[in-house]
Amino acid sequence: KKIDQLSQDIVATQKNAEKVVQEKNRELEGMNAQIEKSKAAAGNEAEKSRQLQSELERVAKTMGDSLNQADVEIKQRDARLSELLTDIEKTKIQSQKDVKSKSDEIGALNDMVSNLTANVEKEIKLRQDVLAGKEGIESMLEKKVNEMTNEMNIVQADAKKKIDAQLQELRNLEAKNQSDDSQIAQLKNDMASMQKNAHEAIEARNNEIETMDGQLKALKSNIEQEKKLRDEAMQGKSNLESALQKKIDQLSQDIVATQKNAEKVVQEKNRELEGMNAQIEKSKAAAGNEAEKSRQLQSELERVAKTMGDSLNQADVEIKQ
């Protein structure tokens with residue numbers, strides 16, 4: 001009976017031991033599973049860390065490339081900026097030189113116009129004075145010819161009147177037959193002498209009138225020539241002023257065109273510079289975006305590293321336990 005009791009105790013002890021062993025094994029399996037889970041979590045975090053590190057390196061490289069590109073563009077911009085500023089300055093200087101040259105030419109032409117106009121006006125005034133003087137002489141000659149013609153007509157009429165009177169007296173004497181032949185002969189001689197004197201006076205006066213008339217015709221011709229020369233001088237002055245004004249207008253248009261071309265070149269250079277600045281700002285913005293992404297990735301990497309460290313520490317604790 002005692003042996004049976006001990007045998008039963010041994011069986012019970014073995015069952016209890018097996019039960020304890022099974023419980024410990026289950027506990028051990030649970031701990032191993034937890035350890036594997038912690039290791040897996042640590043492995044996942046490590047993989048995530050590796051991926052984040054890889055992404056961080058890629059972003060850092062992209063950021064570096066963007067910064068390098070921005071640096072290259074800035075250097076190119078600075079070099080081109082120097083060229084553009086030099087070109088703009090040269091364009092402005094050349095434009096100013098061209099404008100000054102054309103302005104000086106306009107000034108010279110204005111002076112030329114002024115001098116030539118003054119000279120032509122002097123010539124026109126001189127010709128007008130000469131013309132006025134010759135027209136005055138013409139008027140005097142015409143008046144003198146008219147006076148001489150009137151005087152000749154008066155002399156001719158007076159001589160005719162006297163001759164007619166003497167002729168009538170001769171007729172009367174002949175009709176009365178009272179005068180002697182010597183008186184009639186004397187009267188005829190007086191008449192002949194009067195006719196001769198009157199004829200000579202009239203012929204002399206006619207010669208004077210013809211001479212003055214020739215002078216008057218020559219003067220009229222000369223006056224017409226003076227008028228023609230005056231009109232030609234006035235027309236020449238007008239043509240010269242018109243031609244010079246046309247040249248001045250053309251130079252003024254050239255100045256405006258030169259200034260517009262210079263402004264156009266400067267605007268084109270400025271647009272080019274603005275485009276380069278915009279590209280640089282774009283590169284800077286891209287680099288800034290990559291830098292922000294890098295910062296976020298670095299922060300995430302630190303968080304993952306901490307999580308992975310916590311998981312590994314937990315696994316170590318659990319393994320030791």
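E224 and K227 form a salt bridge in this predicted model, with their closest N and O atoms 4.0 Å apart. The count of salt bridges comes to 5.

- E224 and K227 stand 3 residues apart in helix α2, a separation of about one helical turn.
- E224 is partly exposed at 48% relative accessibility, and K227 is also partly exposed, at 26%.

- The side chains of K100 and D104 meet in a salt bridge, with an N to O distance of 2.9 Å.
- Both residues belong to helix α1 (residues 2-176) and are 4 residues apart, about one turn of the helix.
- K100 counts as exposed, at 54% relative accessibility, whereas D104 counts as partly exposed, at 43%.

**Salt bridge between the helices**
- E142 pairs with K220 in a salt bridge whose closest N and O atoms are 2.7 Å apart.
- Because E142 lies in helix α1 and K220 in helix α2, the pair ties together parts that are 78 residues apart in sequence.
- E142 is partly exposed at 30% relative accessibility, and K220 is partly exposed at 32%.

**Surroundings of T258**
- T258 is buried, because its relative accessible area of 16% is under the 20% cut-off.
- A polar atom of the T258 side chain lies 2.8 Å from the backbone oxygen of D254.
- Leaving aside residues up to four places away in sequence, T258 touches S95, D98, V99 and K102.

How values were computed
Residues are numbered from 1 along each chain as its sequence is written. This is a predicted model: local features need pLDDT of at least 70, side-chain atom pairs count only at pLDDT 80 or more; totals for chains, interfaces and linings use all residues. Side-chain values use heavy atoms; hydrogens and water are left out. Buried means under 20% relative accessible area, exposed over 50%, partly exposed in between (1.4 Å probe, protein chains only). A polar contact is a pair of N or O atoms within 3.5 Å; within protein, one must be able to donate a hydrogen and the other to accept it, and residues adjacent in sequence count only if both atoms are side-chain atoms. Contact means heavy atoms within 4.5 Å. Helices (H or I, at least four residues) and strands (E, at least two) are DSSP runs, numbered from the N terminus.
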